[in-house]
Amino acid sequence: MLDAGQLAGVFTGGSLLVGAAARTDLAGPRRAEPLARAQYASLSRLLTLPDPTPVYPTHGAGSFCSASPGAERTTTIGRERACNPLLAAGDEDAFVRALLASSGSFPDYFLWLPERNRRGPATVHSDPFLIPLTAGQVRGLVAEGGQVVDVRPVAVYAAGHIPGSLAIPLRGAFATWLGWLVPDPGIPVIIVAGSDQDLAEVAWQALKVGYENLAGALAGGMAAWEAAGEPAAATPLLAPGQVDPADVIDVRQASEYAAGHLPGAASIELGGLAEAAAGLAGRPVVTMCGHGERAATAASVLERAGHVGVAILQGGPADWADATGRRLETAA
């Protein structure tokens, strides 16, 4: 990018990121190494630019498209040359090993969404509208294979929810977890939301990851569900000082767990919890993450698999350490 003939910055796309580089395994394992070698060549060209050159990547904090994502959105060539651990690799082979080793898990929809993007999504001409559904209609849709997704905040969900519902609190990461945990975009999705939540935002986030089969939203929320005589479930919320770390399943990414976790807590990433649920049968489980949203989702995954005795830890590792005065463990 030039400004009056002077180098004003470089748009690095999905190549050079802040303290990291874009992962190369999202197109499938067979292409991961060849793309990593192409990535090395791309980064080598970028490093020929002057150190003060501003760098503007496309991916920022929390993106599954990056290896070791950080919190900042922009950087400079000089800063990355000095501080980016991937750029410190001695040669191409060392870079490839480091890049591939730093890539965590990612949602399955990443593998099919590119083809859907190439075909093009259905045209949306106005703000999406979720049809109001009665409790009876929701029950019927679930009986036919529909999935209830509860987007309410953690504490409200925990106080009372439809049995078998999937808790994904509405926030910026809603679309990611919807695509990760509802593996078939053809499944009818029924939304349970609070009266103060934006149903159009729920629909927009679902649409942007290819989830177009939105059956509607429960009219009147949980109050209407219970008024119709339908069953409700509740999940205990535990304060940080109330948990036995041996009961804790930490559902954060492996890199987060390694950076600091409760002594004795097990690590099972949220994206892999449904597959691991059978191995947790017959034992008490307290789900935890960094703040509570993923922990609520994890509890709902286990309850949907038939588990009882599941609780949600409010807060994260730092809150537990503050409450108990004990130190966190690091590394796996």
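This is a predicted model: local features need pLDDT of at least 70, side-chain atom pairs count only at pLDDT 80 or more; totals for chains, interfaces and linings use all residues.
Visitor: Which residues of α1 and α3 meet?

Guide: On the side of α1 they are A32, E33, A36, R37, Q39, Y40 and L43, and on the side of α3 they are E92, D93, F95, V96, L99 and L100. By class, this contact has eight nonpolar, one polar and four charged residues.

Visitor: What makes D250 count as buried?

Guide: Buried means under 20% relative accessible area. D250 has 0% relative accessibility, so D250 counts as buried. D250 lies in strand β14 (residues 248-250). Leaving aside neighbours within four places in sequence, D250 is in contact with Y257, H261, A266, S267, I268 and M288.

Visitor: How do you know that the buried residues of α13 line one face of the helix?

Guide: The buried residues of helix α13 (residues 317-324) are P317, W320 and A321. Seen down the axis of α13, these residues fall within an arc of 100°, so they line one face. In general, an α-helix has 3.6 residues a turn, so residues three or four places apart point the same way.

Visitor: What do the buried residues of α13 pack against, and what follows α13?

Guide: The buried residues of α13 pack against β16 (285-288). G325 follows α13, and the phi of G325 is positive, near 75°.

How values were computed:
Residues are numbered from 1 along each chain as its sequence is written. Side-chain values use heavy atoms; hydrogens and water are left out. Buried means under 20% relative accessible area, exposed over 50%, partly exposed in between (1.4 Å probe, protein chains only). Helices (H or I, at least four residues) and strands (E, at least two) are DSSP runs, numbered from the N terminus. The arc is that of the directions from the helix axis to the C-beta atoms. Contact means heavy atoms within 4.5 Å. Ala, Val, Leu, Ile, Met, Phe, Trp, Tyr, Cys and Pro count as nonpolar, Asp, Glu, Lys and Arg as charged, and the others, Gly among them, as polar.
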